[in-house]
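Hello,

Here is the model we talked about handing over. My notes follow below it.

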Amino acid sequence: METDDYIIKQISVFSENKPGRLAAIAKALQDEKINIFAFSIAEAKGFGVVRLLVDKPEPALKKLADIGFMVSFTDVIAVRMKDEPGGLFDIAKILGESEINIEYSYAYSGKEAAVLILRVDRIKEAIEKMTGRGADLLKAEMFL
Amino acid sequence: MKWDPRIEEMPAEQLAELQYKRMKTLVYRLYSFSDFYHRRMKENRVHPDDIRSLDDVTKLPFMYKSDLRDNYPDKIFTASQDELVRYHVSSGTTGKPTVVGYTQNDLELWTTSLARGLTACGLGRGDVMQVSYGYGLFTGGLGLHYGAERIGATVVPTSVGNTERQIELMQDLRVTAIACTPSYMVHMGEVAEKMGVSIEKDTNLKTAVLGAEPWSEQMRTHIQNEMGIRAYNIFGTSEISGPMFCDCAEQNGIHIWGDMAYTEIIDPETGEQLQPGEKGELVMTILQKEALPMIRYRIGDITSLDTSLCACGRTHPRIDRLQGRVDDMLIIRGINVFPSQVEHALLGIPEVSGHFMIIVDKKGALDEMLVQVEMNPGAFSDKVQDIMEIRTKVSHILRNSLNISVGVELAAPGTLPRFEGKAKRVIDRRLN
């Protein structure tokens, strides 16, 4: 198993906390015909970080940088959860027992399943533990 | 090497005695022979007899740039036209131009001051100095020209412009020293590089005497390292003759020749004299000028005074690198704050860039200062906590440097205003 296959490039965008910033990001991606699978906003006083999973990460990053956003790739993993009670617990338990810290996470509920996106402190170890214990990790190529 | 060791190493008490005598003579002369000074002193109820020590100088009224403008072109000159041998005229960017007249002795004084300064920078006979300051009404070109000739250096009077030819001449005439603005020095380095010339390897340049615009210690380090030269800081303004005083080899402050000038640092708000080491407005009395003496002239630059003995052995006081203009000063909750202090503090923080804005507002009765600064893209982490830590770091460093707490807002690169020419980095909403 190649752990790298499961490392997904999430786009992180720094955004001042003022009206129209998210619209500017969304418009830029629309112009490039880039589809957003999932996103979240982490907010703090005065600024926020917008995190996006998209189908064309490289062009998306370039476009956002070109129009002046401060952007970077962040490695995350995505894991399919059972869309039923206990689905999140199954995943969180593995990480907790492996002493892997979740730095942040967000989820989306798609047609086929619920998906949890995670940024963890030791990504390769997290992938090994989770695949080893039968968790259904999504490969990066599924997002392309 | 010292140009005039007897004066330059004169014990401090002796120097103070000399200053006092010259100050006294100057004040008597002006009170007796100048309508302007006579009236100004009367208005301030001070008589030359009141000056019984150097400390009494604080009784004398200040002079301002506006005194020169209001008396354009030569109404407060204390020499008649037939005694003058030269005029210089400063550009009138902020109003009418100002005119400075010089007698033969005035030029002699100026030239002597520069001869001492250039010698302190290690220059002398055998050096070839390219003077790339403007020649003409501006004081830089002719001032350095005569100073360099006085010490026996060979002058190449290139003036400004035609940079490629300047670099060719620098090579052909084996120039060892240059006098110009720091930004022109950097520009020359860039043009030389495009020509395939390395200032360090392909020229004999060893020394640069740079001034006439504000520059930072970081810029000095950059110039010295890039070009393999020593870069000295020179200070002056046309009202006190022109470029007049410079660093010595220690590069630890600009020596102000005490026999020529009496230097004070004052609080620009109250006018009170400050102690050595305290930051405030530079005020100078040029003790021996004939055509246009200036008593307690408020130069408007912010610096501090160091009266300790310099490692070079010169006893004359030094001023620190200029840290901004009084016109730029903000008073926040009673504390004086200069945009240059903010800039200086930010330059030392790798996570942010030098692009910043200061916004001052009132929150209730209290002043609030907000610094917006662009992050360096390399410092961007997608963890909110990391960004907050950068903000806290910037805020702590600013607090330590300014002695007041300021809000900090991090901005994305390229989002804050860019300025051509003089930057307007302060928005003061208290004035609305």
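How many residues of chain B are in contact with chain A? The count is 15 residues of chain B against 15 residues of chain A. Contact here means that the C-beta atoms of two residues, placed from the backbone, lie within 7 Å.

Some ground rules. This is a predicted model, in which local features need pLDDT of at least 70, side-chain atom pairs count only at pLDDT 80 or more, and totals for chains, interfaces and linings use all residues. Residues are numbered from 1 along each chain as its sequence is written, while chains are lettered from A and ligands numbered from 1 in the order in which they are written.

**Interface**

On the side of chain B that touches chain A, α12 (384-402) and β19 (407-411) of chain B each supply at least two residues. Helices (H or I, at least four residues) and strands (E, at least two) are DSSP runs, numbered from the N terminus. That side of chain B has ten nonpolar, two polar and three charged residues. Nonpolar covers Ala, Val, Leu, Ile, Met, Phe, Trp, Tyr, Cys and Pro; charged covers Asp, Glu, Lys and Arg; the others, Gly among them, are polar.

**Sheet in chain B**

Six strands of chain B make an open, mixed sheet, ordered β4-β3-β5-β6-β7-β8. Two strands pair if DSSP finds at least two bridges between them. Axes are lines fitted to C-alpha atoms, for helices over the stretch in contact, and angles run from 0 to 180 degrees between N-to-C directions.

Strands β6 (207-211) and β7 (230-237) of chain B run parallel, with five bridges. In this pair, B:Val209 stands opposite B:Tyr232. Helix α5 (104-120) of chain B packs on the sheet and touches β6, β7 and β8 of chain B. The direction of α5 makes about 40 degrees with that of β8(B).

**Backbone points**

- The peptide bond from B:Tyr72 to B:Pro73 is cis, with omega near -10 degrees. B:Pro73 sits in the loop between α4 (65-70) and β1 (84-90) of chain B.
- B:Arg174 is not a glycine, yet its phi is positive, near 50 degrees. Its loop joins α7 (163-172) and β5 (177-180) of chain B. B:Arg174 counts as exposed because it has 12 C-beta neighbours inside 10 Å. The classes are buried (20 or more other C-beta atoms within 10 Å of its own), exposed (12 or fewer) and partly exposed (in between), with C-beta atoms placed from the backbone.

Regards
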